[in-house]
Amino acid sequence: MSLREKLLARLLAAADFVSGAELSGALGVSRCAVWKHIEALRDEGYEIAGSPRRGYRLLKVPDALYPPLFSPLVRGKFGRPYHFYPVVSSTNDIAKELARQGAPEGALVVAEEQTGGRGRLGRGWHSPPGGLWFSLVLRPPVSPAATQSLPVLLSLAVTDGVAAFPLPPVEVKWPNDIVCQGKKVGGILVELGAEAEAVHFVVAGIGLNVNITSFPAPLEKTATSLQKIAGEALSRPQLLSAILAAAERYYSRWCREGFAPFREDYERRLCLLGREVEICCGGNIARGAVAGVDAEGRLVLVSPDGTKRRFVGGEVTFKQKPRPSKRPDEDKAEA
Ligand code: BTN
């Protein structure tokens, strides 16, 4: 890490002012050198408050994802190496190619715009400039079947990252839609490079409608952006850095312990709990009330006759308005 990167990392990690003396001690340079680097950062667009008695406090980072601006915000191994493109077809395609060529776990591909963004179930993904479109290379030491809960897990990391901003509560809609005020603000597309028994790599593609001000007519009803909800633009570098840090923390525990430790947390953020839904899975449609998720991240649905069924994937639609804080009876027979 360069001195500038170390300085930024310190400022980012601090919730309040950091004194010039503390920074100069931690970085092993004079207070005058610290001040010069602070000035250089301000020239690059960082807003840093300075107080003779209290030191420096990072207020805002520029909303640009270029490597010199973003790399200093990478706190762990997720985000290294960092590949940024102004325009690509799909960051997932680039990340898959890099993974095939041996890219390490944590390698990250980010694009300002995607011309061929892909969503789940073969759909397209609207990816104009202003959003966060990125793909992470992972190499989990698990069987292909065990990766089923990975997208569900990553949706927790995304909601954590968003929760660092002053926004209304952000929820998840199983398996991995990110929802706010009843509309979709993001989604996750996980793709596997695997054989029957072994996972070579996973590419986790995450799309978040951050600073997008309008959507094409068909999307307007179902999608929104964080900027529209907040009433102002959000810092994408800060958001991406927060999501990567949360994703790395969750992922390392998931590699050791699976999805079970995250089940309750996921259910707390699930906007489907207790609701009557319809799930379309492989051409079949099932109806029932959502009882939650199981230890593998599968959706558990209770049919009107009390039978419980579990689903690994599919498209969920609501059949009725929420029933206030009522969960379906969990003691009924299992399918
Ligand atoms: C969905 O909800 O359908 C998943 C959407 C995933 C979109 C992201 S954007 C970055 C990455 N590149 C893609 O082409 N898709 C994913």
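Which element gives the most to the shell around the ligand? Strand β8 does, with four residues. The structure is a predicted model, in which local features need pLDDT of at least 70 and side-chain atom pairs count only at pLDDT 80 or more, while totals for chains, interfaces and linings use all residues. Residues are numbered from 1 along each chain as its sequence is written, and side-chain values use heavy atoms, with hydrogens and water left out.

The ligand is surrounded by 19 residues, of which S90, Q114, R118, R120 and K184 are the closest; a residue is near a molecule if one of its heavy atoms lies within 4 Å of it. At least two residues of this shell come from each of α5 (91–100), β5 (132–138), β8 (183–194) and β9 (199–208). Helices (H or I, at least four residues) and strands (E, at least two) are DSSP runs, numbered from the N terminus. The shell comprises five nonpolar, 10 polar and four charged residues. In this classification Ala, Val, Leu, Ile, Met, Phe, Trp, Tyr, Cys and Pro count as nonpolar, Asp, Glu, Lys and Arg as charged, and the others, Gly among them, as polar.

Polar contacts were taken as pairs of N or O atoms within 3.5 Å; within protein, one atom must be able to donate a hydrogen and the other to accept it, and residues adjacent in sequence count only if both atoms are side-chain atoms. A nitrogen atom of the ligand lies 3.1 Å from a polar side-chain atom of T91. A backbone N or O atom of R118 is 2.7 Å from a nitrogen atom of the ligand, and a polar backbone atom of R120 is 2.7 Å from a ligand oxygen atom. Of the 420 Å² of accessible area that the ligand has on its own, the protein covers 98% (Shrake-Rupley method, 1.4 Å probe).

The ligand takes up the space of the largest pocket; a molecule sits in a pocket if more than half of its atoms lie within 2 Å of its grid points. On a 1 Å grid over the protein atoms alone, a pocket is an open set of points with protein on both sides within 12 Å along at least five of seven lines, a cavity is a set where a 1.4 Å probe fits but cannot get out, and lining residues have an atom within 4 Å of a point. Grid points are joined across faces, edges and corners, and a volume is the space filled by probe spheres set on the points.

The largest pocket holds about 860 Å³ of space. Its lining has 43 residues, with W125, D177, K184, G187 and T222 nearest its centre. Strand β8 supplies the largest share of this lining, five residues. By class, the lining has 14 nonpolar, 18 polar and 11 charged residues.

The second largest pocket contains about 460 Å³ of space. It is lined by 22 residues, and L59, K60, A164, F165 and Q238 are the closest to its centre. Elements α1 (3–13), β2 (55–60) and α9 (236–257) each give at least two residues to the lining, which divides into 14 nonpolar, three polar and five charged residues.

One cavity of 30 Å³ or more was counted. The largest cavity has a volume of about 30 Å³ and is lined by V74, R75, G76, F78, S241, L244, A245 and E248.

Residue E112 is placed in strand β4 (residues 108–114). Its side chain reaches the backbone nitrogen of G130 at 3.0 Å and makes a polar contact with the side chain of R236 (3.0 Å).
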